[in-house]
Amino acid sequence: MITLWNHFWVREAPPHALALVRICLGIFLLVYASTYALHITLLFSNEGLALPLYNDAPSPLVAHFLFTLSLIALLGFTFGAYFRVCATACFFLGLYYWQLHLHMFPSSYNRILCFVLLVFMWSGAHKTFSYDAKRTHGSWTAWDPISILPQRFIALQISLTFIGVSLQKWLLPAWKTGEILAYTFIGRWSTPLSNTLIRLNLPVEFYDGAILVVKILQPLAGIGVWIRQYRLASIIFIQSFLMLVTVLLGIWWFIFLIPACILFYPPEEVYAYLKQKNGI
Amino acid sequence: MKRIAQNMTITMYIAATVSGMLFTLFRVYLPGVPFILSHWSYGMLAPFQSYLTYNENLLALGRHSKGVWEPIDMSTYKTHGKGEESIKIYLPAYRGLQEEGLHQKYQEYADLLRKREEEHGRLWDEIILEMHRWPRSPAGYEYLRVPVLTEITPL
């Protein structure tokens with residue numbers, strides 16, 4: 001039992017899967033941060049409209065400095081350059097921006113992002129495909145084994161989010177029928193595509209059916225990602241679902257979970273695949 | 001030592017997640033788990049719980065020195081998409097406050113808005129905030145935003 005526990009949670013494993021997620025997450029966070037780049041004074045300084053939770057908003061000069069620092073930390077995170085320092089800075093700057101502004105938009109994905117950054121701080125995700133690997137071992141593709149624990153935390157959180165969000169749909173009154181979908185498509189999260197869909201005037205049974213399919217498949221996918229023979233199908237469902245959420249509701253922030261699905265595969269298999277394909 | 005720290009972290013994560021899941025499904029937390037961990041975990045597990053049948057928007061009105069009230073163009077202050085902006089207008093982090101506390105936060109927002117307007121050369125003696133609510137329609141987001149269907153709540 002203890003052997004199984006240790007094998008699942010704390011065995012040493014190749015870092016490649018986590019390193020790929022580090023790169024994708026870093027790019028995602030740079031894009032996310034860039035949506036704030038033109039509004040630093042307004043959102044993050046005392047000459048804007050910030051209503052911070054704890055510390056007062058700083059002057060525009062300091063706000064710009066901190067934002068620049070965030071971008072540098074994110075670049076370091078993405079390239080795996082002085083990774084521990086950069087990942088720690090990313091996490092704490094993330095908390096800072098939460099108390100300053102992100103609390104105005106306390107979404108699940110912002111919470112998951114904070115959690116993932118916390119996990120990355122001590123993950124060893126820079127042990128390959130990184131400037132740090134190049135600096136210490138002379139090659140970008142050199143690698144050292146890392147604990148599988150950070151990979152497990154992130155993968156578990158993704159599958160649990162899918163299981164939690166789907167189980168609550170079975171209990172919440174709002175999710176009894178497809179009305180929730182129809183009203184959402186004409187509300188504040190509507191997109192041109194959802195507007196087009198709603199104007200097709202499809203019968204309410206269409207929306208009821210869509211909700212039922214999601215209520216059945218979401219928990220199955222959350223569990224299926226851990227079972228070898230159902231893994232690919234579950235990942236395809238999760239990725240399709242996240243893409244639909246993006247194009248039908250404009251909620252694009254969850255797409256950082258798409259590359260993270262690689263973490264459901266054993267890291268040894270990911271390494272073997274990369275070695276076979278690219279000779280790493 | 002490292003193994004002990006790892007197992008303690010795993011235990012903490014499992015406890016927080018069980019607590020978050022219990023709250024997601026049954027609205028109870030696991031006793032003994034710090035609230036911040038349980039609540040953060042719940043926040044990661046339970047997006048999109050309900051829906052509205054109406055739209056809402058925050059409207060700011062400014063009073064000129066001559067006493068005339070005029071709507072303030074808020075588009076200058078909206079930095080992101082309609083979905084994100086429509087969440088921010090509720091000041092979610094301050095929803096847990098009593099009515100008085102929430103009113104005070106909206107007042108702080110109005111004061112900041114007045115300063116920003118001044119910087120743009122638009123002087124107002126007073127600014128008040130209102131929440132406008134109107135029914136949703138397949139014909140468009142603002143289609144039913146007409147006086148007879150719009151409910152106004154002063155903030």
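The second largest cavity has a volume of about 260 Å³. A cavity here is a set of points on a 1 Å grid over the protein atoms alone where a 1.4 Å probe fits but cannot get out; lining residues have an atom within 4 Å of a point. Grid points are joined across faces, edges and corners, and the volume is the space filled by probe spheres set on the points. This is a predicted model, in which local features need pLDDT of at least 70, side-chain atom pairs count only at pLDDT 80 or more, and totals for chains, interfaces and linings use all residues. Side-chain values use heavy atoms, without hydrogens and water; residues are numbered from 1 along each chain as its sequence is written, and chains are lettered from A in the order in which they are written.

The second largest cavity has 20 lining residues, with Met104(A), Tyr77(B), Glu85(B), Lys88(B) and Tyr109(B) nearest its centre. Helix H3 (40-44) of chain A, helix H3 (82-88) of chain B and helix H4 (99-119) of chain B each give at least two residues to this lining. Helices are DSSP runs (H or I, at least four residues), numbered from the N terminus.

The whole structure holds three cavities of 30 Å³ or more. Helices H2 (16-34), H4 (60-79), H5 (83-100) and H6 of chain A each give two or more residues to its lining. H5(A) supplies the largest share, five residues. Among the 20 lining residues, Leu29(A), Tyr32(A), Gly94(A), Tyr97(A) and Leu102(A) lie nearest the centre of the largest cavity.

The linings divide by class as follows.

| Cavity | Nonpolar | Polar | Charged |
|---|---|---|---|
| Largest | 16 residues | four residues | no residues |

Nonpolar covers Ala, Val, Leu, Ile, Met, Phe, Trp, Tyr, Cys and Pro; charged covers Asp, Glu, Lys and Arg; the others, Gly among them, are polar.

H6(A) spans residues 108-121 and reaches 20 Å from first to last C-alpha, close to the 20 Å expected. The expected span is 1.5 Å times one less than the number of residues. Of its 14 residues, 13 are buried, so H6(A) is largely enclosed by the rest of the structure. Buried means under 20% relative accessible area (1.4 Å probe, protein chains only).

Gln218(A) sits in helix H11 (204-224) of chain A. Gln218(A) is buried, at 1% relative accessible area. Leaving out residues up to four places away in sequence, Gln218(A) touches Phe162(A), Val165(A), Ser166(A), Lys169(A), Phe237(A) and Phe241(A). Contact means heavy atoms within 4.5 Å.

Chain B divides into domain 1 (2-45) and domain 2 (54-154). Their bounds come from an automatic or database domain assignment. The C-alpha centres of these two domains of chain B are 37 Å apart.

Key. Buried < 20%, exposed > 50% of the residue type's maximum accessible area, 1.4 Å probe, protein only. 1 Å grid on protein atoms, 1.4 Å probe; cavity = no way out; pocket = protein on both sides within 12 Å on 5 of 7 lines; lining within 4 Å.
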